[in-house]
Amino acid sequence: PGMHKPLHRLNRRMVQAVRDAVRDADVLCFVVDASVAFGKGDEFMLDFVSKSKQRKILVLNKVDQMKKHRLLPVIERYAATGLFEEIVPISALQGDGTDTVLELLWQRLPVGEPLFDPELLTIHTERFLVGERIREKVLEQLRDELPYTTAVTIDSWEEEPLSDGRTRLNISATILVERSSHKRIVIGARGSQIKEIGTAARIDLEEFLEAPVYLDLHVREESGWRENSRILSELERGLEAETR
């Protein structure tokens, strides 16, 4: 234990969120990147799911990137644990095996009253989803340059009536990064990169929100933000805040 770095405060909160979700789940679907060698993270998660009483299904993803002779030992390793009722190799990219996973989960769900309104697509607020969509555009465009240590906060959200009867959403958001070098990458030469990210995000948000959007993006360096209780609380409030 002394050799391992302590979990970031953010990681601890994420693990607790997983524990809370597992406690209320009927079935656990454990998804593994089969193309990557078994590591400490997989070992941790195996120990984690072994302590739960729910029925379990293992999904081995990215099998399209593997030869069959490499896949078989992976299946055997997980089968030897005796934890899983089913082990399903899939390719989420190509859609292979995904219908099988859905069918196996459906078979194991208990019959009962719906926990949420059948018309409800998600329990997350629009504010949270907007932040995630902006973050998605950051990672899509800077996947090879920017570590996945970034977050997006929604600073303001205002509705403005337009002359044509529509309502425009004026959204101000901040992209958090941990280093000044990351900030330079996100902004780009003469602001070219942040402009490109903003344009892609705005187009996506207008389709998602079904309304015109004015998006004002900022980048802020916050060294060690994953250990900052104030910032983590701010991100959590985005999950809970009512936006419209």
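R190 is exposed, with a relative accessible area of 90% (exposed being over 50%, buried under 20% and partly exposed in between, for a 1.4 Å probe and protein chains only). This residue lies in the loop between helix 6 (180-187) and helix 7, where helices are DSSP runs of H or I of at least four residues and strands are runs of E of at least two, numbered from the N terminus. The phi of R190 is positive, near 55°, in a residue other than glycine. The model is predicted: local features need pLDDT of at least 70 and side-chain atom pairs count only at pLDDT 80 or more, while totals for chains, interfaces and linings use all residues. Residues are numbered from 1 along each chain as its sequence is written, and side-chain values use heavy atoms, with hydrogens and water left out.

A positive phi, of about 65°, also occurs at K62, which is not a glycine. K62 is located in the loop between strand 2 (55-61) and helix 3 (68-79) and is partly exposed, at 32% relative accessible area. Most residues other than glycine have a negative phi.

Helix 5 (residues 126-141) packs against helix 7 (residues 192-209) at an angle of about 140°, with the axes 9 Å apart. Helix 5 is therefore oblique to helix 7. The contact joins E126, L129, V130, R133, I134, E136, K137, V138 and Q141 of helix 5 to residues of helix 7 including Q193, E196, I197, A200 and F208, contact meaning heavy atoms within 4.5 Å.

How values were computed: Axes are lines fitted to C-alpha atoms, for helices over the stretch in contact, and angles run from 0 to 180 degrees between N-to-C directions. Angles under 35 degrees count as roughly parallel, over 145 as roughly antiparallel, 65 to 115 as roughly perpendicular and the rest as oblique.
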